[in-house]
Amino acid sequence: MFCIEFDTEQPELLIGLLSTYPFEGFQEFEERVEAYIESVAWNAIENDVLAAIEGISTLRKADRLPDKNWNAVWEASFSPVIIDDFCAIRASFHPPITTCQHEIIIDPKMAFGTGHHETTELMIRQMHNMDFAGKTVLDLGCGTGILAILAVKLGATEVIAVDNDPEAVSNAKENSTINGVHITCIHGIIEDLPTHGYDRVLANINRNVLLEIMPDIKRVLRPDGILLLSGILVEDKAVIERTAHLENLYRQNEQSLGEWLSILMMVDK
(Lines give C-alpha, C1' and ligand atoms only; values in the text may rest on other atoms or scores of the structure.)
Protein backbone atom coordinates (compact mmCIF):
# COMPACT_ATOMS: atom_id res chain seq x y z
CA MET A 1 0.00 0.00 0.00
CA PHE A 2 1.20 3.51 -0.88
CA CYS A 3 0.31 6.86 0.63
CA ILE A 4 0.39 9.44 -2.17
CA GLU A 5 0.57 13.06 -0.99
CA PHE A 6 -0.68 15.90 -3.20
CA ASP A 7 -0.38 19.65 -2.71
CA THR A 8 -3.52 21.52 -3.73
CA GLU A 9 -5.60 24.58 -2.99
CA GLN A 10 -8.73 22.70 -4.11
CA PRO A 11 -8.78 19.51 -2.00
CA GLU A 12 -12.47 18.70 -2.56
CA LEU A 13 -12.12 18.95 -6.34
CA LEU A 14 -8.93 16.89 -6.25
CA ILE A 15 -10.53 14.12 -4.16
CA GLY A 16 -13.47 14.02 -6.53
CA LEU A 17 -11.14 13.62 -9.49
CA LEU A 18 -8.97 11.01 -7.78
CA SER A 19 -12.09 9.05 -6.82
CA THR A 20 -12.50 8.03 -10.45
CA TYR A 21 -9.27 6.02 -10.10
CA PRO A 22 -8.75 2.92 -7.89
CA PHE A 23 -7.66 4.76 -4.74
CA GLU A 24 -8.95 3.13 -1.58
CA GLY A 25 -9.25 6.14 0.72
CA PHE A 26 -8.43 9.79 1.22
CA GLN A 27 -7.56 12.22 4.00
CA GLU A 28 -8.05 15.93 3.45
CA PHE A 29 -5.81 18.52 5.09
CA GLU A 30 -5.32 22.23 4.56
CA GLU A 31 -3.80 22.54 1.07
CA ARG A 32 -2.88 18.83 1.06
CA VAL A 33 -4.53 15.49 0.30
CA GLU A 34 -3.34 12.00 1.17
CA ALA A 35 -4.57 9.18 -1.09
CA TYR A 36 -4.12 5.46 -0.44
CA ILE A 37 -3.63 2.88 -3.16
CA GLU A 38 -2.04 -0.51 -3.79
CA SER A 39 1.47 -0.27 -5.25
CA VAL A 40 0.63 -2.24 -8.41
CA ALA A 41 -2.37 -0.02 -9.10
CA TRP A 42 -0.34 3.16 -8.55
CA ASN A 43 2.40 2.04 -10.90
CA ALA A 44 -0.24 1.39 -13.58
CA ILE A 45 -2.03 4.75 -13.33
CA GLU A 46 0.61 7.20 -12.08
CA ASN A 47 1.17 8.95 -15.41
CA ASP A 48 -2.56 9.20 -16.13
CA VAL A 49 -3.26 10.66 -12.69
CA LEU A 50 -0.50 13.25 -12.94
CA ALA A 51 -1.82 14.35 -16.34
CA ALA A 52 -5.40 14.52 -15.05
CA ILE A 53 -4.57 16.69 -12.01
CA GLU A 54 -2.36 19.14 -13.87
CA GLY A 55 -3.39 22.67 -12.98
CA ILE A 56 -5.11 21.82 -9.69
CA SER A 57 -2.47 19.80 -7.85
CA THR A 58 1.13 18.62 -7.73
CA LEU A 59 2.58 15.38 -6.39
CA ARG A 60 4.46 15.86 -3.14
CA LYS A 61 5.64 12.31 -2.46
CA ALA A 62 4.68 8.63 -2.52
CA ASP A 63 5.54 6.51 0.52
CA ARG A 64 5.09 2.78 1.02
CA LEU A 65 3.07 2.04 4.17
CA PRO A 66 3.65 -0.82 6.59
CA ASP A 67 1.35 -3.84 6.29
CA LYS A 68 -2.00 -3.31 8.01
CA ASN A 69 -5.51 -4.74 7.88
CA TRP A 70 -6.84 -1.97 5.66
CA ASN A 71 -10.22 -3.70 5.33
CA ALA A 72 -10.70 -3.40 9.09
CA VAL A 73 -9.68 0.27 8.97
CA TRP A 74 -12.16 0.87 6.15
CA GLU A 75 -14.99 -1.00 7.91
CA ALA A 76 -14.65 1.23 10.95
CA SER A 77 -15.43 4.31 8.81
CA PHE A 78 -18.00 2.95 6.30
CA SER A 79 -21.52 4.29 6.73
CA PRO A 80 -24.55 3.20 4.63
CA VAL A 81 -25.61 5.24 1.59
CA ILE A 82 -29.32 6.03 1.22
CA ILE A 83 -30.63 7.64 -1.99
CA ASP A 84 -34.14 8.89 -1.28
CA ASP A 85 -36.55 5.95 -0.87
CA PHE A 86 -35.17 4.29 -4.01
CA CYS A 87 -31.88 2.61 -3.12
CA ALA A 88 -29.83 1.88 -0.02
CA ILE A 89 -26.26 0.59 -0.08
CA ARG A 90 -24.76 -1.00 3.02
CA ALA A 91 -22.11 -3.48 4.08
CA SER A 92 -22.99 -6.93 5.38
CA PHE A 93 -22.12 -5.89 8.92
CA HIS A 94 -24.80 -3.15 8.88
CA PRO A 95 -28.39 -3.91 9.91
CA PRO A 96 -30.96 -4.20 7.06
CA ILE A 97 -32.42 -0.97 5.64
CA THR A 98 -36.13 -1.40 4.99
CA THR A 99 -37.08 2.15 3.99
CA CYS A 100 -35.98 1.88 0.35
CA GLN A 101 -37.33 0.00 -2.67
CA HIS A 102 -33.96 -1.65 -3.28
CA GLU A 103 -31.20 -2.62 -0.87
CA ILE A 104 -27.72 -3.51 -2.10
CA ILE A 105 -25.15 -5.17 0.15
CA ILE A 106 -21.55 -4.38 -0.76
CA ASP A 107 -18.39 -5.74 0.84
CA PRO A 108 -15.78 -3.98 -1.30
CA LYS A 109 -12.58 -5.59 0.00
CA MET A 110 -9.88 -4.39 -2.43
CA ALA A 111 -12.23 -3.24 -5.21
CA PHE A 112 -13.28 0.36 -5.79
CA GLY A 113 -16.83 1.59 -5.33
CA THR A 114 -18.87 1.82 -2.16
CA GLY A 115 -21.62 4.08 -3.45
CA HIS A 116 -20.36 7.11 -1.55
CA HIS A 117 -19.04 9.03 -4.53
CA GLU A 118 -21.24 11.55 -6.35
CA THR A 119 -20.79 9.79 -9.69
CA THR A 120 -22.28 6.55 -8.34
CA GLU A 121 -25.22 8.43 -6.84
CA LEU A 122 -25.81 10.18 -10.17
CA MET A 123 -25.86 6.85 -12.02
CA ILE A 124 -28.33 5.40 -9.51
CA ARG A 125 -30.61 8.45 -9.71
CA GLN A 126 -30.64 8.20 -13.51
CA MET A 127 -31.29 4.45 -13.37
CA HIS A 128 -34.35 5.14 -11.23
CA ASN A 129 -36.00 6.72 -14.28
CA MET A 130 -34.91 4.09 -16.82
CA ASP A 131 -36.67 0.94 -17.98
CA PHE A 132 -34.59 -2.18 -17.34
CA ALA A 133 -37.35 -4.79 -17.53
CA GLY A 134 -36.29 -7.57 -19.90
CA LYS A 135 -33.19 -5.65 -21.03
CA THR A 136 -29.59 -6.71 -21.63
CA VAL A 137 -27.12 -4.53 -19.74
CA LEU A 138 -23.36 -3.93 -19.94
CA ASP A 139 -21.69 -2.37 -16.88
CA LEU A 140 -18.26 -1.06 -17.90
CA GLY A 141 -15.75 -0.57 -15.10
CA CYS A 142 -18.07 -2.40 -12.73
CA GLY A 143 -15.94 -2.06 -9.58
CA THR A 144 -17.80 -3.72 -6.71
CA GLY A 145 -20.79 -4.38 -8.98
CA ILE A 146 -23.26 -1.90 -7.48
CA LEU A 147 -24.77 -0.77 -10.78
CA ALA A 148 -24.87 -4.28 -12.26
CA ILE A 149 -26.65 -5.60 -9.17
CA LEU A 150 -29.15 -2.73 -9.26
CA ALA A 151 -29.85 -3.39 -12.95
CA VAL A 152 -30.85 -6.97 -12.11
CA LYS A 153 -33.05 -5.76 -9.25
CA LEU A 154 -34.72 -3.39 -11.75
CA GLY A 155 -35.64 -6.30 -14.03
CA ALA A 156 -32.74 -6.76 -16.45
CA THR A 157 -32.61 -10.31 -17.79
CA GLU A 158 -28.90 -10.37 -18.67
CA VAL A 159 -26.17 -8.24 -17.08
CA ILE A 160 -22.50 -8.36 -18.09
CA ALA A 161 -20.07 -6.64 -15.69
CA VAL A 162 -16.58 -5.87 -17.05
CA ASP A 163 -13.51 -4.51 -15.26
CA ASN A 164 -9.79 -4.51 -16.03
CA ASP A 165 -9.01 -5.06 -12.33
CA PRO A 166 -9.16 -8.77 -11.38
CA GLU A 167 -9.86 -7.83 -7.75
CA ALA A 168 -12.94 -5.91 -8.89
CA VAL A 169 -14.21 -8.84 -10.96
CA SER A 170 -13.78 -11.24 -8.04
CA ASN A 171 -15.47 -8.83 -5.65
CA ALA A 172 -18.38 -8.13 -8.03
CA LYS A 173 -18.99 -11.89 -8.24
CA GLU A 174 -19.02 -12.18 -4.44
CA ASN A 175 -21.34 -9.20 -4.07
CA SER A 176 -23.76 -10.57 -6.66
CA THR A 177 -23.95 -13.79 -4.62
CA ILE A 178 -24.51 -11.85 -1.40
CA ASN A 179 -27.41 -10.03 -3.09
CA GLY A 180 -28.91 -13.18 -4.56
CA VAL A 181 -28.63 -12.02 -8.18
CA HIS A 182 -26.81 -13.34 -11.23
CA ILE A 183 -24.38 -11.18 -13.18
CA THR A 184 -21.72 -12.38 -15.61
CA CYS A 185 -18.39 -10.89 -14.48
CA ILE A 186 -15.57 -10.57 -17.01
CA HIS A 187 -11.96 -9.53 -16.46
CA GLY A 188 -11.06 -7.44 -19.48
CA ILE A 189 -11.87 -4.30 -21.44
CA ILE A 190 -14.62 -3.37 -23.85
CA GLU A 191 -12.41 -4.08 -26.85
CA ASP A 192 -12.45 -7.74 -25.80
CA LEU A 193 -16.23 -7.96 -26.13
CA PRO A 194 -17.93 -9.08 -29.33
CA THR A 195 -20.73 -6.97 -30.75
CA HIS A 196 -23.67 -8.08 -28.66
CA GLY A 197 -26.34 -5.44 -29.01
CA TYR A 198 -26.85 -4.30 -25.41
CA ASP A 199 -30.05 -2.42 -24.57
CA ARG A 200 -28.32 -0.45 -21.82
CA VAL A 201 -24.64 0.44 -21.39
CA LEU A 202 -23.56 1.87 -18.01
CA ALA A 203 -20.14 3.52 -17.87
CA ASN A 204 -19.06 5.29 -14.69
CA ILE A 205 -15.45 5.74 -15.74
CA ASN A 206 -13.01 8.62 -15.90
CA ARG A 207 -13.06 11.14 -18.74
CA ASN A 208 -9.97 9.95 -20.59
CA VAL A 209 -11.15 6.35 -20.77
CA LEU A 210 -14.62 7.40 -21.94
CA LEU A 211 -13.12 9.45 -24.76
CA GLU A 212 -10.93 6.51 -25.81
CA ILE A 213 -13.61 3.83 -25.83
CA MET A 214 -16.55 5.80 -27.27
CA PRO A 215 -16.35 4.01 -30.67
CA ASP A 216 -16.45 0.64 -28.90
CA ILE A 217 -19.40 1.73 -26.77
CA LYS A 218 -21.28 2.60 -29.95
CA ARG A 219 -20.29 -0.78 -31.42
CA VAL A 220 -21.89 -2.78 -28.60
CA LEU A 221 -24.97 -0.56 -28.09
CA ARG A 222 -28.22 -1.51 -29.83
CA PRO A 223 -29.49 1.12 -32.30
CA ASP A 224 -32.39 1.83 -29.94
CA GLY A 225 -30.28 1.41 -26.79
CA ILE A 226 -29.42 3.86 -24.04
CA LEU A 227 -25.93 4.89 -22.88
CA LEU A 228 -25.56 6.25 -19.34
CA LEU A 229 -22.25 7.97 -18.53
CA SER A 230 -20.70 9.44 -15.42
CA GLY A 231 -17.22 9.99 -13.99
CA ILE A 232 -17.37 13.31 -15.85
CA LEU A 233 -16.55 16.71 -14.39
CA VAL A 234 -19.06 19.39 -15.37
CA GLU A 235 -16.26 21.25 -17.15
CA ASP A 236 -15.66 18.21 -19.41
CA LYS A 237 -19.22 18.05 -20.72
CA ALA A 238 -18.40 19.67 -24.07
CA VAL A 239 -15.50 17.37 -24.96
CA ILE A 240 -17.50 14.27 -24.01
CA GLU A 241 -20.44 15.38 -26.15
CA ARG A 242 -18.23 16.25 -29.12
CA THR A 243 -16.65 12.81 -29.02
CA ALA A 244 -20.06 11.14 -28.65
CA HIS A 245 -21.44 13.10 -31.61
CA LEU A 246 -18.76 11.56 -33.82
CA GLU A 247 -20.40 8.21 -33.04
CA ASN A 248 -23.92 9.60 -33.64
CA LEU A 249 -24.68 9.57 -29.90
CA TYR A 250 -26.58 12.55 -28.51
CA ARG A 251 -27.54 13.76 -25.05
CA GLN A 252 -31.13 13.19 -23.97
CA ASN A 253 -30.78 14.44 -20.41
CA GLU A 254 -28.22 15.11 -17.73
CA GLN A 255 -27.94 15.43 -13.96
CA SER A 256 -25.24 17.09 -11.90
CA LEU A 257 -24.12 16.83 -8.30
CA GLY A 258 -21.37 19.11 -7.06
CA GLU A 259 -18.59 19.11 -9.64
CA TRP A 260 -19.85 15.92 -11.30
CA LEU A 261 -22.12 15.15 -14.21
CA SER A 262 -24.09 12.19 -15.54
CA ILE A 263 -25.30 12.16 -19.16
CA LEU A 264 -27.90 9.88 -20.75
CA MET A 265 -27.38 9.41 -24.49
CA MET A 266 -29.09 7.70 -27.41
CA VAL A 267 -28.31 7.11 -31.07
CA ASP A 268 -29.69 9.79 -33.35
CA LYS A 269 -32.07 8.19 -35.83
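Asn248 is partly exposed in this predicted model, with a relative accessible area of 28%. That figure falls between the 20% under which a residue counts as buried and the 50% over which it counts as exposed. As for its place in the chain, Asn248 sits in the loop that links α8 (237-246) to β13 (249-257). Its backbone is worth a look too: phi of Asn248 is near 65°, a positive value in a residue that isn't glycine. Asp84 is another non-glycine residue with a positive phi, in this case near 50°. Asp84 belongs to the loop between β5 (81-83) and β6 (87-90).

Next up is helix α2, which runs over residues 39-52. With 14 residues at 1.5 Å a residue, α2 should span 20 Å, and its end C-alpha atoms are 19 Å apart, so the two values agree. Still, α2 has a kink of about 55°, centred on Ile45. Ile45 is also one of the buried residues of the helix, along with Ser39, Trp42 and Val49. The cover over these buried residues includes β1 (2-7), α1 (11-18), β3 (32-37) and β4 (58-64).

Trp42 turns up again when it comes to aromatic rings. The count of aromatic pairs comes to 1. The partners are Phe23 and Trp42, whose rings are tilted, with 6.1 Å from centre to centre and 50° between the planes. Phe23 lies in the loop between α1 and β2 (25-29) while Trp42 is part of helix α2, so the pair ties together parts that are 19 residues apart in sequence. Both Phe23 and Trp42 are buried. Another ring has a charged neighbour: Arg32 lies over the face of Phe29, 4.1 Å from the ring centre.

On to the nonpolar cores. The largest has 32 residues, and the members touching the most others are Ile89, Ile104, Ile124, Met127 and Leu202. At least two residues of this core come from each of β5, β6, α4 (118-128), α5 (146-153), β9 (158-163), α6 (166-178) and β12 (221-233). Helix α5 supplies the largest share, with 6 residues. Leaving aside residues up to four places away in sequence, Met127 touches Phe132, Leu147, Leu150, Ala151, Leu154, Leu202 and Leu228. Apart from this core lies another one, made of 27 residues, including Val162, Val201, Ile213 and Leu221.

Notes. Residues are numbered from 1 along each chain as its sequence is written. This is a predicted model: local features need pLDDT of at least 70, side-chain atom pairs count only at pLDDT 80 or more; totals for chains, interfaces and linings use all residues. Side-chain values use heavy atoms; hydrogens and water are left out. Helices (H or I, at least four residues) and strands (E, at least two) are DSSP runs, numbered from the N terminus. The expected span of a helix is 1.5 Å times one less than its number of residues. The bend at a residue is the angle between axes fitted to the seven residues ending there and the seven starting there. Buried means under 20% relative accessible area, exposed over 50%, partly exposed in between (1.4 Å probe, protein chains only). Contact means heavy atoms within 4.5 Å. Rings of Phe, Tyr and Trp (its six-membered ring) pair if their centres lie within 6.5 Å; planes under 30 degrees apart count as stacked, over 60 as edge-to-face and the rest as tilted. A charge sits over a ring if NZ of Lys or CZ of Arg is within 6 Å of the ring centre and within 35 degrees of the ring normal. A nonpolar core is a set of buried Ala, Val, Leu, Ile, Met, Phe, Trp, Tyr and Cys residues joined through side-chain atoms within 4.5 Å.
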